[in-house]
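Here is my note on this entry, written for someone reading a structure for the first time. Please keep the model open beside the text while going through the points.

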Amino acid sequence: MTFDFDATVAGAGAVGLACGRALSKRGLTVLVLEKEGHIGQGVSSRNSEVIHGGLYYPSGSLKAQFCVEGRRALYDFLASHKIDHWKCGKLVVATEAAEVGRIEAIFEQATANGVEGLEHLTGAQARALEPELKAHAAILSPESGLFDSHGYMLALQGEIEDAGGSVVVSAPFEGAEPLPGGGFTIRVGGEGAMAVSSRLLVTAPGLAAQAVAAAIEGYPAEDIPAGHFGKGVYFRLVGKAPFDRLIYPPPIPGALGTHYRKDLGGQAVFGPDLTYVETEDYSVDPAKAEEFAAYIRRFWPGLPDGALSPDYAGIRPKLHGPGEPQPDFQLHGAERHGIEGLTALFGIESPGLTSSLAIGEAVAAALTGIA
């Protein structure tokens, strides 16, 4: 049978585009569908733009594997495409003696994950690097950094299109039906509503992962994990950035917690926190500034009063609710749902952006058999 495309990807965020690029590299004709009017308007546009070292994730997990592999590949990609980035390094800080055991556990986990260049620092050594920091002890991760995520996604789009593929915006995925001999008929909405045929299908739509999977005929409901919206807000500092490196206190339950970064424009940003919500609400309550300030002063006592300004909010596609253990990335192939030629992605939150190139390679290798 002749197909319109070898592979179709639902979702043009960082992970969907990375999947499209990896499939294109293997010689496939690729269609990437995006419901919004521009690429990367969902989860990929509302995050910290941090390149994670791979410190926190359980040994043997996809998060541990993909974060380290993806981070290494990402720095090479950014350099070769001349995309703005900064390997600024990260300090994971114990602000008091009671937190030292927690950061020691992070050091051990990061070492097991193969993270390079880690250093134990005393409080004095940490303050020598960042004089305004309050630290009893710290871990230095020199491989952590920041990058221009939108420039990155534009480069991924460019590679797909250079290989003869198409990235189409304002074109929502509305459903798919597996064909008797293999492949799919895919319904595309929007002004140019149509149906296309594709031999392979990848779903990487972030917050819509569960709804998109449910719109595929024959997809077993029991294979669709429950989804939760984890909202995080950010506040920007009015004034000079106090630190050059990323500053992270020990993680909070279910997330890495409110941290500090000096963005590529030189401004200080704090966040995100974590609140579970039912709808895609991107408002930022200015009253949260006091809560943020109290948290920030644990590691930066010099934060001036009234210096925090509401910035933006993001929502993470979590597979766990409040108080539940944080699960791994989920990449469901035919061995899970029984539909040949389909890979469905669920729960691609942090460190999904850092991991995106590695996720794309894994998805493309699984679907094509080409490493």
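Are Phe235 and Phe292 buried or exposed?

1. In this predicted model, Phe235 is buried and Phe292 is buried as well. The two rings form an aromatic pair that is tilted, with 4.8 Å from centre to centre and 50° between the planes. Phe235 belongs to strand β13 (residues 228-237) and Phe292 to helix α7 (residues 289-296), so the pair ties together parts that are 57 residues apart in sequence.

2. Searching the whole structure gives nine aromatic pairs. One of them joins Phe77 and Tyr152 edge-to-face, at 5.5 Å centre to centre and with 85° between the planes. This pair links distant parts of the chain, since Phe77 sits in helix α2 and Tyr152 in helix α5, 75 residues apart; both Phe77 and Tyr152 are buried.

3. Phe77 also takes part in the contact of α2 with α9, where the residues of α2 include Phe66 and Leu74, and those of α9 include Leu357 and Ile359. Helix α2 (residues 62-80) packs against helix α9 (residues 352-368) at an angle of about 105°, with the axes 6 Å apart, and α2 and α9 are therefore roughly perpendicular to each other.

4. Tyr152, likewise, is among the residues of α5 that meet α1, whose own side of the contact includes Leu17 and Arg21. By class, the contact of α1 with α5 comprises seven nonpolar, three polar and two charged residues. Helix α1 (residues 14-25) and helix α5 (residues 149-162) pack at about 30°, with their axes 9 Å apart, which makes α1 roughly parallel to α5.

Methods. Residues numbered from 1 in each chain as written. Predicted model: local features only at pLDDT ≥ 70, side-chain atom pairs only at ≥ 80, totals over all residues. Heavy atoms only, no water. Axes fitted to C-alpha atoms, helices over the stretch in contact; angles between N-to-C directions. Helix = DSSP H or I, 4+ residues; strand = E, 2+ residues; numbered from the N terminus. Parallel < 35°, antiparallel > 145°, perpendicular 65-115°, else oblique. Contact = heavy atoms within 4.5 Å. Nonpolar A, V, L, I, M, F, W, Y, C, P; charged D, E, K, R; others polar. Phe/Tyr/Trp six-rings, centres within 6.5 Å; stacked < 30°, edge-to-face > 60°. Buried < 20%, exposed > 50% of the residue type's maximum accessible area, 1.4 Å probe, protein only.
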